[in-house]
Amino acid sequence: MSRITVIVDGVSYTDEVEPRTLLVHYLRETVGKTGTVVGCDTSNCGACTVHLDGTSVKSCNVLAVQADGHEVTTIEGLAQNGELHPVQKAFHECHALQCGYCTPGMIMQACDVLKNNPDPSEQEIREGLEGNLCRCTGYHNIVKAVQQAAGELSSQAVSS
Ligand code: FES
Ligand code: FES
């Protein structure tokens, strides 16, 4: 077993894990962050996407021991003071989900896309989300939501 200390959604956790434990399983089963989900066993779907030190990763593709000493943000850490993150709000308002299974990963990836490119074109949004699969929506409203969130985030940046 290996001892790891990871900050998850702003809280520090120290746990013993097997070296083979995947970050997604650590988050769900040890830390209890079940908002992060597993949608495949081939690293294809992106449902498990979280931020590791601010950058999106597929948490089924990272070992828990690799997160030792690092900071993880999950979908459960995005809202602040009871207020949904602008990307969460936009997904809600644009009906960018049906079953919702892909949504946590999709939102975490969308945040990363917008962090790196605050004013993306539709094509850039589609490319930025290409590692995240949705089996329900046809992607149209997801792209609309990311466009809406981009507008909201840039107006927040101007007013702050
Ligand atoms: S569960 Fe991680 S990519 Fe599908
Ligand atoms: S909303 Fe069902 S998989 Fe995306």
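1. In this predicted model, the protein chain is divided into two parts, with domain 1 spanning residues 2-77 and domain 2 spanning residues 86-155. Taken over C-alpha atoms, the centres of domain 1 and domain 2 are separated by 21 Å.

2. To the contact between them, domain 1 contributes 15 residues and domain 2 contributes 11 residues. On the side of domain 1 that touches domain 2, the elements giving two or more residues are strand S3 (49-52) and strand S4 (55-58), and it is S3 that supplies the largest share, three residues. Sorted by class, that side of domain 1 holds nine polar and six nonpolar residues, with no charged residues.

3. The largest nonpolar core comprises 42 residues, and at least three of its residues are drawn from each of domain 1 (2-77) and domain 2 (86-155). The elements that give two or more residues to this core are strand S1 (2-8), helix H1 (23-31), helix H2 (86-93), helix H3 (103-116) and helix H5 (140-159); H3 gives the most, with seven residues.

4. Which residues have the most contacts inside this largest nonpolar core? They are Ile107, Ala110, Ile142, Val146 and Ala149. For Ala149, once its neighbours within four places in sequence are left aside, the residues in contact with it are Pro86, Val87, Ala90, Ala110 and Leu114, and of these Ala110 is itself listed among the residues with the most contacts inside the core.

Methods. Residues are numbered from 1 along each chain as its sequence is written. Chains are lettered from A and ligands numbered from 1 in the order in which they are written. This is a predicted model: local features need pLDDT of at least 70, side-chain atom pairs count only at pLDDT 80 or more; totals for chains, interfaces and linings use all residues. Domain bounds come from an automatic or database domain assignment. Two residues are in contact if their C-beta atoms, placed from the backbone, lie within 7 Å. Helices (H or I, at least four residues) and strands (E, at least two) are DSSP runs, numbered from the N terminus. Ala, Val, Leu, Ile, Met, Phe, Trp, Tyr, Cys and Pro count as nonpolar, Asp, Glu, Lys and Arg as charged, and the others, Gly among them, as polar. A nonpolar core is a set of buried Ala, Val, Leu, Ile, Met, Phe, Trp, Tyr and Cys residues joined through C-beta atoms within 7 Å. A residue is buried if 20 or more other C-beta atoms lie within 10 Å of its own, exposed if 12 or fewer, and partly exposed in between; C-beta atoms are placed from the backbone.
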